[in-house]
Protein chains: 2
Amino acid sequence: MTKPGDKAGDGTGGTSRRGFLGGAGLAGAGLIAGMVPARAASPDPMITEVQPWAQFLGPGVDDAPYGKPSPHEAHVIRRNVEWLTADTASSVNFTPIHELDGIITPNGICFERHHAGVADIAPQDYRLMINGLVDREMVFTLQDLLRFPRENRIYFLECAANTGMEWRGAQLNGAQFTHGMIHNCMYTGVPLRTLLEHAGVQPNGTWLLAEGADASAMSRSIPMEKALDDCMVAFRMNGEALRPEQGYPVRLVVPGWEGNMWVKWLRRIEVGDAPWHHREETSKYTDLLADGRARRFTWEMHAKSVITSPSPQAPIYHGRGPTVITGLAWSGVGTIDRVDVSLDGGRNWHHARIDGPSLDKSLHRFYYEFDWDGSPLLIQSRAMDSAGYVQPTKDALREFRGTASIYHMNGIQTWQVHSSGEVENVEVA
Amino acid sequence: MTKPGDKAGDGTGGTSRRGFLGGAGLAGAGLIAGMVPARAASPDPMITEVQPWAQFLGPGVDDAPYGKPSPHEAHVIRRNVEWLTADTASSVNFTPIHELDGIITPNGICFERHHAGVADIAPQDYRLMINGLVDREMVFTLQDLLRFPRENRIYFLECAANTGMEWRGAQLNGAQFTHGMIHNCMYTGVPLRTLLEHAGVQPNGTWLLAEGADASAMSRSIPMEKALDDCMVAFRMNGEALRPEQGYPVRLVVPGWEGNMWVKWLRRIEVGDAPWHHREETSKYTDLLADGRARRFTWEMHAKSVITSPSPQAPIYHGRGPTVITGLAWSGVGTIDRVDVSLDGGRNWHHARIDGPSLDKSLHRFYYEFDWDGSPLLIQSRAMDSAGYVQPTKDALREFRGTASIYHMNGIQTWQVHSSGEVENVEVA
C-alpha cells in the first residue's frame with residue numbers, strides 16, 4: 001500500500017497530468033480546477049499495448065467453488081487488539097469498516113464476540129426448546145423451523161461495548177478498532193412471535209430467557225413485548241447459512257438492541273414472569289455510573305455515526321482537491337433521517353448525502369464530497385434518527401454517565417486529518 | 001444429507017411425536033393437525049444434559065481473519081456442467097440458488113462466466129480510459145475513481161443464456177443448473193454518467209463500447225441513453241472489493257440488462273456514433289429464430305421467476321404437512337408486483353407472498369406456504385413486473401422465437417414433486 005502523501009504519478013492517485021495524444025492538446029483537462037484529476041496519458045502503454053494481465057488466460061471457472069477475495073485485498077480482514085483480552089476464546093475482533101462501502105457486511109469479515117469460543121453444531125443435531133410459561137413445551141429441529149413462514153430483514157448488530165474505550169478519551173487509532181464491533185446483514189428466519197404463538201404463551205408470561213448452546217451457555221432476559229414485536233429466529237445471513245462464529249445453525253435476532261442479546265447457537269427459550277438477572281445482565285452489560293450505581297436493561301442502541309474514510313487506517317492518498325468523506329450511521333430506534341459532517345471539530349456542519357436503502361434498524365451509508373485545500377481538518381459526523389434524537393458529543397454523554405462504563409458510547413467521533421493526509425483519533429473540547 | 005422421504009425421528013424433520021415431561025400430558029401437540037410437527041421430547045438429553053458441542057471451548061476469535069462457511073455447508077458451492085464447454089477458461093458455473101434464501105448472493109458463490117479466464121490486475125496498475133467522441137479523452141486510476149461521488153444499489157445480474165437449455169425441453173435437473181446464472185449484490189461505484197459528463201460527450205456520441213482487460217478483450221456496444229440512465233462503474237460488491245472473477249478491481253454495471261454487457265476488468269469506454277457489432281453482439285448474444293434470422297440488441301432481461309425450494313436438488317424431506325415453497329422473481333424493467341404459484345401445472349394459481357426489500361431491478365424473494373397431502377404436484381411460479389408484463393409459458397415463447405436460441409428464456413418453470421418428496425424438471429403441455 002502506498003504511503004499517504006505520495007503524490008508521484010505512480011498510479012496510486014497522484015496529481016500529475018500528461019497531455020493525451022501527443023502533448024498539450026488536452027491541457028484543458030488540467031483546467032478543471034476543483035474537479036477530479038483524471039490524467040490524460042500519451043500514448044498510454046496500458047491501453048495501446050496488451051496489458052500484462054491480458055496476455056494469458058487466467059484461472060477458469062471452478063478454480064474456487066467457494067471464492068475468496070483478491071490477494072490484493074489481503075489486508076481487509078477482521079483484526080483484534082491483543083492486549084484487550086487474556087484469551088481469544090472469550091474475546092472480540094473487529095470488522096474492517098474503514099475498507100468497506102455500501103451497507104452490506106460480507107459474512108467473512110463480520111466481527112466476532114465469543115464468550116467461550118465457537119460451538120460446532122451439526123445441523124441434524126440442532127434442537128430449539130421452548131419451555132416455561134407456555135401451553136405446549138416444544139422442541140424444534142432445524143427442519144421443523146424451515147416449515148414456518150419466513151421473513152427477510154437487513155439489520156445492524158452492534159456490540160454494546162462498541163466504541164467503549166472512548167469513554168476515557170481517544171485511545172485506539174482506527175475506525176476498525178473504535179467502531180468495528182458492528183455488522184449489517186440480511187437475515188432470513190422465522191418471527192419469534194410465530195414460535196411463541198405456536199407454543200402458546202400463558203397470560204403471566206411477560207419475559208423470556210434466550211440461551212445459547214456454546215460452552216458459556218450465554219443467556220439474556222428479553223421482555224415479551226420485544227419478543228412479539230420484531231425478534232427473529234434466524235438461520236440465514238446474506239442468503240447463505242449463518243457462519244459458525246455467528247451462531248450456526250440458528251441465532252436470535254433482536255433488531256436495534258445490543259448484540260449480546262442476539263444469542264448465538266440458540267438452544268432454548270424459556271418463558272417466565274420476571275427477568276432472570278443472569279451474569280450477562282448484571283455484572284456485565286450494565287452501565288456503571290460515577291457514583292457506583294449501574295443502569296440496567298439499556299438494551300437499545302442509540303443513534304450513532306462514524307466517518308470510515310478518511311480515518312486513521314484509511315488516510316487521504318491523493319493530496320488536495322476533490323475528496324470524498326464517507327461513513328456509516330444507524331439507530332436502534334428506526335431509520336436515519338439526516339447526517340451532518342463537520343470539517344472543523346463541530347463548529348460548522350454540512351448536510352451529508354445518504355445513498356442506498358434507508359431501512360429500519362439498518363446501517364445507512366453517507367457521503368460528503370468537498371474540495372480539500374490541504375489544510376488540517378477535524379472531521380466529525382452527527383446522525384439524527386427518525387425519532388428526532390441527535391447523536392450527542394462524547395462530553396455530553398460523560399456529563400450524565402461518567403467515564404466508568406464501557407457500554408453504549410455513541411458520542412460524536414473526531415478524526416484529525418493532517419496536511420500529509422494522515423489521520424488520527426483525537427478529542428476536541 | 002438425509003434422503004428425501006426419510007421420516008424417522010432422526011432429527012432431520014421426521015414427524016414422530018413423543019410426550020413432553022413424561023408421557024401423554026402434551027399429546028395435544030399432536031392434535032395441531034396441519035401445523036408444524038414440532039416434537040416434544042421427554043426428558044430430552046439435548047437439553048437436560050450438556051450438549052457435546054458445549055463441553056469444550058471451540059475456536060476463538062481470529063481463528064479465521066477472513067471467515068468461511070461451516071464445514072457442514074460444504075455442498076453449497078458453485079458448480080459447473082462438465083459437458084457444457086470444452087475448457088474452464090471459457091465456461092460458466094452456477095450459483096447454488098436452491099440452497100439460498102433472502103435476496104443477497106454471497107460474493108463467494110456468485111456464478112462465474114469467463115470468456116478467457118480471470119484477469120489478475122493489481123489495483124495500482126488499473127486504468128480506465130475514456131476515448132472517442134468526447135471533448136477530453138481521459139485515463140483514470142482507481143484512486144481517481146474514488147474521488148467522484150458514489151452510489152449504492154442492489155441489482156441482479158443474469159446471464160442472457162440462463163435457462164437457455166430449456167428452449168429445447170427439460171434437460172438439466174436442478175434450479176442451480178437451469179436458473180443459477182444469476183446473482184444479486186449491492187454495488188458501490190460512480191455513475192457512468194458522471195464520468196461521461198467529465199469527459200464531455202460530443203453531440204454525435206450516441207453509443208459507447210465497453211471493453212474489458214481480460215485476454216478476450218470482451219467488448220459490447222451500449223446505447224448512450226442507457227449509459228446516462230443507470231449504469232455504474234463499480235468497485236465494490238456487497239461492501240467489499242469486487243471479487244477477481246467478477247472483474248476486480250472495476251466492472252461495469254448495466255442494471256436489468258444481460259450479464260455479458262456488465263464488462264469485467266473494465267479498461268476502456270469508447271464513445272461513438274453507431275454500434276460496433278463486435279463478436280459478442282453478432283455471432284453470440286443474438287437470438288436465432290426458426291427461419292434463420294436473428295434478433296439483435298435484446299438487452300433487457302424480462303420478468304422471470306423460479307421456485308428454488310423444493311426443487312430437484314432441494315427435495316421435501318419432511319413428508320406431508322406444512323410446507324414452504326420459496327423462490328426468486330426479477331425483472332430488468334423494474335420491480336416485481338406479484339408472484340403466483342401453481343401446484344397443478346398452471347391450472348390454478350395462488351398469490352405468493354413477497355418478503356424483503358422490493359427494489360428496482362433486484363431479486364425479489366417469494367414464499368407460498370401450504371399443507372401438503374403427500375400427493376404428486378406440478379409446481380410453478382409466475383412473475384408480474386411493475387410494467388404489467390406477465391411471465392409467459394415456455395410454449396408461448398417457443399411459438400414466436402422457435403427453439404434455436406440459447407438466450408432470453410424466461411418461461412415458466414415446472415418442477416414435478418413426487419410423493420417421496422423427490423423433485424424433477426419436467427415439461428407440461
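Reply: Gln416(A) has Glu424(A) as its bridge partner in β23(A). This is a predicted model, in which local features need pLDDT of at least 70 and side-chain atom pairs count only at pLDDT 80 or more, while totals for chains, interfaces and linings use all residues. Residues are numbered from 1 along each chain as its sequence is written, and chains are lettered from A and ligands numbered from 1 in the order in which they are written.

Me: How many bridges pair β22 of chain A with β23(A)?
Reply: Strand β22 (residues 414-417) of chain A pairs with β23(A) in the antiparallel sense over 4 bridges. Two strands pair if DSSP finds at least two bridges between them. Strands are DSSP runs of E with at least two residues, helices are runs of H or I with at least four, and both are numbered from the N terminus.

Me: What about Gly421(B) in chain B?
Reply: Gly421(B) has a positive phi near 95 degrees, and the hairpin of β22(B) and β23(B) has 5 residues between the strands. These two strands pair in the antiparallel sense over 4 bridges, and Trp415(B) stands opposite Asn425(B).

Me: Which other strand is joined to β22 in chain B?
Reply: Strand β21 (residues 377-385) of chain B is joined to strand β22 (residues 414-417) of chain B by 4 bridges, and the two run antiparallel. Val417(B) in β22(B) is the bridge partner of Leu377(B).

Me: Changing topic: in what order do the strands of the open sheet in chain B run?
Reply: The order is β15-β16-β20-β19 (chain B), with antiparallel pairing among the 4 strands. β15 (304-309) and β19 (353-354) of chain B stand at the edges with a single partner strand each, so one side of each is left without a neighbour in the sheet. Inside this sheet, β16 (residues 321-330) and β20 (residues 364-372) of chain B pair over 9 bridges in the antiparallel sense.

Me: Now the domains. Where are they in chain A?
Reply: Chain A is divided into domain 1 (82-295) and domain 2 (304-426), with bounds that come from an automatic or database domain assignment. Their centres, taken over C-alpha atoms, are separated by 27 Å.

Me: How many residues of domain 1 of chain A are in contact with domain 2?
Reply: 32 residues of domain 1 of chain A are in contact with 35 residues of domain 2 of chain A, where contact means C-beta atoms, placed from the backbone, within 7 Å. On the domain 1 side, β5 (151-158), α3 (175-179) and β13 (287-288) of chain A each give two or more residues. α3(A) gives the most, with 4 residues.

Me: Which residues have the most contacts inside the largest nonpolar core?
Reply: They are Leu145(A), Val233(A), Leu145(B) and Val233(B), in a core of 206 residues. A nonpolar core is a set of buried Ala, Val, Leu, Ile, Met, Phe, Trp, Tyr and Cys residues joined through C-beta atoms within 7 Å. Not counting residues up to four places away in sequence, Val233(A) touches several residues, among them Leu145(A), Val190(A) and Leu266(A).

Me: Finally, which residues of helix α4 in chain B are buried?
Reply: In α4 (residues 192-199) of chain B, the buried residues are Leu192(B), Leu195(B), Leu196(B), His198(B) and Ala199(B). Seen down the axis of α4(B), they fall within an arc of 155 degrees, so they line one face of the helix; the arc is that of the directions from the helix axis to the C-beta atoms. Their cover includes β6 (182-191) and β9 (232-237) of chain B. Just after α4(B), Gly200(B) takes a positive phi of about 80 degrees.

Notes:
Two residues are in contact if their C-beta atoms, placed from the backbone, lie within 7 Å. A residue is buried if 20 or more other C-beta atoms lie within 10 Å of its own, exposed if 12 or fewer, and partly exposed in between; C-beta atoms are placed from the backbone.
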